[in-house]
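User: I'm new to this structure and would like a close look at one part of it. Could you walk me through the aromatic rings that pair up, and what surrounds them?

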Amino acid sequence: MSIPALFFYLFSIMIIASGFMVISSRNPVHSVLFLILAFFNAAGLFLLLGAEFLAMILVVVYVGAVAVLFLFVVMMLDVDFAEFKQGFLKYLPVGGTIGAIVLFELLVVVGGWTIDATSLANVATPAPPGMSNTLALGRVLYTQYVYLFMAAGLVLLTAMIGAIILTLHHKVGVKRQDVAAQNARTPAAAVELRKKPFREGV
């Protein structure tokens, strides 16, 4: 067995095991940690395929932002998960029916899926020889699609600012810093001089 095949089976087994532990762990914090492990192994599979850009995006975006943020939310909110599990048996028939339908659809898709020999020959080369796909993707993204890339960035920036404005609530009675008022203060307004008689306390 070659080394790439060995790593493929290793990453695949780890992904399947981590995915099973995500849905079977009773502690939600452990579920998030197993989800992070699954993301790392999926990034390893992308590296074996030569798609290092997708592997980097998977680690940076999903592991570094989504999964860690979800972990912090779970740990900081102190959610009572025992209360959520009280209605588990009530919705079990509906959930089991939906799960059976999805499983049947997956079996139909996998059973009828075939690979066309001519389709593999028509696939374009992902990157020119001697160039990584990250470099090729960067050249295309920042030359041919640079305006669309900048427009997408502006849309995301607008959405982020809108989300911050909608969720920002000022509490009444909380003292906040006013930089303009601090810079406009004069020594006469900031310092009060009082003349006290000699040998008397302040």
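Analyst: Let's start with Phe149, which is partly exposed in this predicted model, with a relative accessible area of 37%. Tyr142 itself is exposed, because its relative accessible area of 51% is over the 50% cut-off.

By the pairing rule used here, there are four aromatic pairs. Another of them brings together Phe39 and Tyr62, with ring centres 5.4 Å apart. Their planes are at 50 degrees, so this pair is tilted. Tyr62 is partly exposed, at 38% relative accessible area. Phe39 counts as buried because its relative accessibility is 17%, and the cut-off is under 20%.

Phe39 also leads us into the largest nonpolar core, a group of ten residues that includes Val32, Ile36, Ala43, Leu58 and Leu71. Helix H2 (28-48) and helix H3 (52-77) each give at least two residues to this core. Take Ala43: leaving out residues up to four places away in sequence, it touches Ala55, Leu58 and Val59. As background, nonpolar side chains tend to be buried together in soluble globular proteins.

Stepping back to the whole chain, there are ten helices and zero strands. Of its 202 residues, 12% count as buried.

Definitions and conventions:
Residues are numbered from 1 along each chain as its sequence is written. This is a predicted model: local features need pLDDT of at least 70, side-chain atom pairs count only at pLDDT 80 or more; totals for chains, interfaces and linings use all residues. Side-chain values use heavy atoms; hydrogens and water are left out. A nonpolar core is a set of buried Ala, Val, Leu, Ile, Met, Phe, Trp, Tyr and Cys residues joined through side-chain atoms within 4.5 Å. Buried means under 20% relative accessible area, exposed over 50%, partly exposed in between (1.4 Å probe, protein chains only). Helices (H or I, at least four residues) and strands (E, at least two) are DSSP runs, numbered from the N terminus. Contact means heavy atoms within 4.5 Å. Rings of Phe, Tyr and Trp (its six-membered ring) pair if their centres lie within 6.5 Å; planes under 30 degrees apart count as stacked, over 60 as edge-to-face and the rest as tilted.
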